[in-house]
Amino acid sequence: MSSEANSPLGTYRLGGGRVVGWWIIGLMVIMAVAGLMTETGRNRIVSVALCLVVIAISYLLGVRPCVMELPAELRVCNPIRTARIPWAAISDVVVKDVVIIETGEREVRCYGLPRRERRSAAASINASINASINSRLSTGGEVQAMAPGLSGTVVDRIRAHVELLSGGSSREQVVQFTVDRDVRAALILSVVALVSVVIAIWA
């Protein structure tokens, strides 16, 4: 896949939650260094290990979640799993407590979108769907303008745009769910740190 296909058209991340996540990570790094320098024996292991667990959790919940608009797909990075959703596979976009991407029988919740900005983010996703549709139509030699007067809600406009991709094999595109390397690293770090705490306490 070319680098152009992997270049995000737009990226959305948590606002205050991301700041808090980085703040906690920074604080835990300082506390871990302090624990290494001041504590000894069992206390050193426990203090450093607990700081590592908090760092991993803060990263997964506060720093990692995001939604990226790519030319070929919408990539939703949630705390544990990443969903890669081809634009043509989107059947609906629903705005509730979070933005929910519906793909047939499956739903993908976008935890990386700030709740107070979820409607503006959904509007940008709508624009990316529009761009993707125009690109597909241009490639096929049939350039069509978007239907005028789509003045309803953002969700209504997204539904109307997605309808232009119906039919053929486009609807059969598969949504892929993966666990990225950073998630695996954070989970392994947490497990190793917790095991170290247990061993230190019971040894």
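The points below take up a helix and its surface, then a loop residue.

1. The model is predicted: local features need pLDDT of at least 70, side-chain atom pairs count only at pLDDT 80 or more, and totals for chains, interfaces and linings use all residues. Residues are numbered from 1 along each chain as its sequence is written, and side-chain values use heavy atoms, with hydrogens and water left out.

2. Helix H1 covers residues 16–38, helices being DSSP runs of H or I with at least four residues, and strands runs of E with at least two, numbered from the N terminus. H1 has 23 residues and reaches 33 Å from its first C-alpha to its last, close to the expected 33 Å; that expectation is 1.5 Å times one less than the number of residues.

3. Gly-21, Ile-25, Met-28, Ala-32 and Gly-35 of H1 are buried. Buried means under 20% relative accessible area, exposed over 50%, and partly exposed in between (1.4 Å probe, protein chains only). Helix H2 (41–63) is included in what covers these residues, contact meaning heavy atoms within 4.5 Å.

4. Met-37 also lies in H1, but counts as exposed because its relative accessibility is 67%.

5. Asn-78 sits in the loop between strands S3 (73–77) and S4 (82–86). Asn-78 counts as buried because its relative accessibility is 12%. Its C-alpha is 6.8 Å from that of Cys-66, twelve residues away along the chain.

6. Not counting residues up to four places away in sequence, Asn-78 touches Arg-64, Arg-109, Cys-110, Tyr-111 and Gly-112.
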